[in-house]
Amino acid sequence: MSNTVGMATQLAGQTLRFGFYYGLNRLTSWRTDQLGQASRYQPSRPVPSLQELLADHAQLLLSDALAVRDGLYPPMEDEAGAPLGHLFRVRQMLADLPGALSRRATADASTAKAEPAATGVPDYYAQDFHFQTGGYLSEGSARLYDVQVETLFMGAAAPMRRTALTPIAEFMRGRDQRTVTLVDVACGTGRFLRQVRLAYPAMSLKGVDLSQAYLEETRKHMRGLRGAELIEAAAEAMPIADASADIVTSIFLYHELPPEVRRQVTGEIARVLKPGGLFVFVDSLQMGDKPGWDGLLEGFPHRFHEPYYRSYAIDDLEAMFADAGLAPQSTSTHYLAKLMVRHKA
Ligand SMILES: C[S@@+](CC[C@H](N)C(=O)[O-])C[C@H]1O[C@@H](n2cnc3c(N)ncnc32)[C@H](O)[C@@H]1O
């Protein structure tokens, strides 16, 4: 039965959310200009107009609402928790902006290395990704991550993650969720695990991430819901048994990995998946996915500390997945995200 009330609720909620983050996006741009820190980099490749970006953004929100209408997942509120707490995070993000921008001006991505949690993590990881204070290794960064990312994407991060729920819904048809295990690799602050939990209250969920602070944030986001098993570990050496997962997801991880680690992680994903299991990948567009947008991808690592993004943007993901035994099912783009669905033969 089609859920038209749910569809309307989802569309209205997401449109309001877009308005909120669009306003924050403009505010941070204005503040960046005011601090004299606007990026002067001019991409050589084409960039989309604001109208093109907004048209694709609107299409994403429409598809999200239609998925709710079609019963693929229930309507979802993305900002769990008290609104005042959320506004407090917005204030903290604005207060953190001058520090992050001055690190960008001096190409300094070293605050993560000074965190106590940096001991024992790989060197490629102990950097200030996005010029976030503390990289992924501080509580403050974990607290601000979602509001920073949603501000950058004008509220699209949550609906881009949710595109992964559609192939999962197709995979789940005829399956009993109580018998299904899903592993979210690099679960970060748990936004996607929460979405999965809202759609599948009885599924067994595991989240893997190298950041204890981000896993702690996941715990908070899952409050009031059945939890997930959270594992502090590297994605390239997951303490998870061979062929034990029905579904593995990886969202916005690969662009932050060196090329050789991408391949190790892919091998690990294939190892933990059961034969016939589902791999759902969501990450940034790559060069050529939307040729008129290539300039955005070119400019991204000039605005944010993303040391492996350039290599990601031209990496051959098709071949990488195929080499690991992950056979193609579908590939599609959704606003700034690329969704790749694979199954283990
Ligand atoms: C851009 S965030 C994406 C987080 C989350 N999946 C999301 O949708 O927001 C990247 C995440 O990958 C984690 N990460 C990066 N390299 C990792 C690795 N080698 N093993 C495990 N986690 C890693 C970081 O700690 C961070 O939480």
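View 1. Nine nonpolar, six polar and four charged residues make up the lining of the second largest pocket (Ala, Val, Leu, Ile, Met, Phe, Trp, Tyr, Cys and Pro count as nonpolar, Asp, Glu, Lys and Arg as charged, the others, Gly among them, as polar). This is a predicted model, with local features needing pLDDT of at least 70 and side-chain atom pairs pLDDT 80 or more, while totals for chains, interfaces and linings use all residues. Numbering runs from 1 along each chain as its sequence is written, and side-chain values use heavy atoms, with hydrogens and water left out. Look for G13, R17, E77, D78 and E79, which lie nearest the centre among the 19 lining residues. Helix 1 (4–34) and helix 3 (83–105) each bring at least two residues to this pocket (helices are DSSP runs of H or I, at least four residues, numbered from the N terminus). Helix 1 gives the largest share, eight residues. The volume comes to about 340 Å³, taken as the space filled by probe spheres set on grid points joined across faces, edges and corners. A pocket here is an open set of points on a 1 Å grid over the protein atoms alone, with protein on both sides within 12 Å along at least five of seven lines; a cavity is a set where a 1.4 Å probe fits but cannot get out, and lining residues have an atom within 4 Å of a point.

**View 2. The largest cavity.** Around it sit M76, E77, D78, A158, R161, R162, R191, R194, Q195 and L198. Six of the lining residues are charged, three nonpolar and one polar.

View 3. Of 21 residues around the ligand, Y124, Y125, R161, A186 and D209 come nearest (a heavy atom within 4 Å). By class, that shell holds 15 nonpolar, two polar and four charged residues. Now for the polar contacts, pairs of N or O atoms within 3.5 Å. A ligand oxygen sits 2.6 Å from a polar side-chain atom of D209. Ligand nitrogen also features: 2.8 Å separates a nitrogen atom from a polar backbone atom of A235, and 2.9 Å a nitrogen atom from a side-chain N or O atom of E236. On its own the ligand has 590 Å² of accessible area, and the protein covers 99% of that (Shrake-Rupley, 1.4 Å probe).

**View 4. Y124 meets Y308.** The structure has 18 aromatic pairs (Phe, Tyr or Trp rings, the six-membered one for Trp, with centres within 6.5 Å; planes under 30 degrees apart are stacked, over 60 edge-to-face, the rest tilted). With ring centres 6.5 Å apart and planes at 80°, Y124 and Y308 count as edge-to-face. The two are 184 residues apart, Y124 in the loop between helix 3 and helix 4 (139–152), and Y308 in the loop between helix 10 (294–303) and helix 11 (309–313).

Note on methods. A polar contact is a pair of N or O atoms within 3.5 Å; within protein, one must be able to donate a hydrogen and the other to accept it, and residues adjacent in sequence count only if both atoms are side-chain atoms.
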